[in-house]
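Biologist: I would like a close look at one part of this model, the charged side chains. Please keep it brisk and define the terms as you go.

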Amino acid sequence: MATQSSKDGSKAKTQAKRATTEAKKSASASAEAGKRAVAKTASAEKSQVQTVAETAVDFPVGVVLSVGDRVGELVEPWTDRSRAEKQLRSYRNQLRKTLKRTERRGASARRKAATEARKTRNRVEREARRRQRTVESTLKGSRAHDLVSSVTDQFAALR
């Protein structure tokens, strides 16, 4: 039996060593996975920060370039006398066209308003004449009725 218990004891020691070794390997693997996760997170955060920083720089630079282009477009026609005169003629023509268009719109609106006013006036006059005829016929009818009843009363009195 002593040999049996020594075998069991050495088996237990071997199993304990194996468990310890596996635990160490598992802890080492977990530590490596943690390191990789931290490195991945740090890399993603670095990328986000880099993107924000680039945007913070690129936007104002783009604005400055756009403003420079626009100023160049505005100044370019005025650098030469013939170009400046051509630009002025173009502005005059545009202004003339705009004024004519505005005048036509005003005339059109005036004519439309006058037509609407005339239609409304005619409609109101027709309605007034119709009501006047109705009142006159009602009055004539009531007068005739009064005359008939008065004549009938006089005729009855004569009998």
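How many salt bridges does the structure hold?

Modeller: The structure holds six salt bridges. A salt bridge here is a side-chain nitrogen of Lys or Arg within 4 Å of a carboxyl oxygen of Asp or Glu. Side chains of opposite charge can pair when their charged atoms come close.

First, the ground rules. This is a predicted model, in which local features need pLDDT of at least 70 and side-chain atom pairs count only at pLDDT 80 or more, while totals for chains, interfaces and linings use all residues. Residues are numbered from 1 along each chain as its sequence is written, and side-chain values use heavy atoms, with hydrogens and water left out.

Start with Glu76 and Arg83. They form a salt bridge, and their closest N and O atoms are 2.4 Å apart. Glu76 is partly exposed, at 39% relative accessible area. Arg83 is partly exposed too, at 38%. The cut-offs are these: buried is under 20% relative accessible area, exposed is over 50%, and partly exposed is in between (1.4 Å probe, protein chains only).

Next come Glu85 and Arg81. Their side chains meet in a salt bridge of 3.3 Å, N to O. Both sit in helix α2, which covers residues 81-158. Because they are four residues apart there, about one helical turn separates them. Helices are DSSP runs (H or I, at least four residues), numbered from the N terminus. Glu85 is partly exposed at 35%, whereas Arg81 counts as exposed at 66%.

Now move along to Arg131 and Glu127. Their salt bridge is 2.9 Å, N to O. These two also lie in helix α2, four residues apart, about one turn of the helix. Arg131 is exposed at 52%, and Glu127 is partly exposed at 28%. Arg130 joins in as well: Glu127, Arg130 and Arg131 are linked in a network of salt bridges.

Lys86, Arg89, Arg92, Arg96, Lys97, Lys100, Arg101 and Arg104 form a positive surface patch. Patch residues have over 30% relative accessible area and no salt bridge, and like charges are joined within 9 Å. Lys and Arg count as positive. The place of each charge is NZ of Lys or CZ of Arg. Accessible areas come from the Shrake-Rupley method with a 1.4 Å probe. Take Arg92 as one of the patch members. Arg92 is found in helix α2 and is partly exposed, at 48% relative accessibility.

How values were computed
Patch = residues over 30% accessible without salt bridge, like charges linked within 9 Å, V, L, I, M, F, W, Y side chains within 5 Å.
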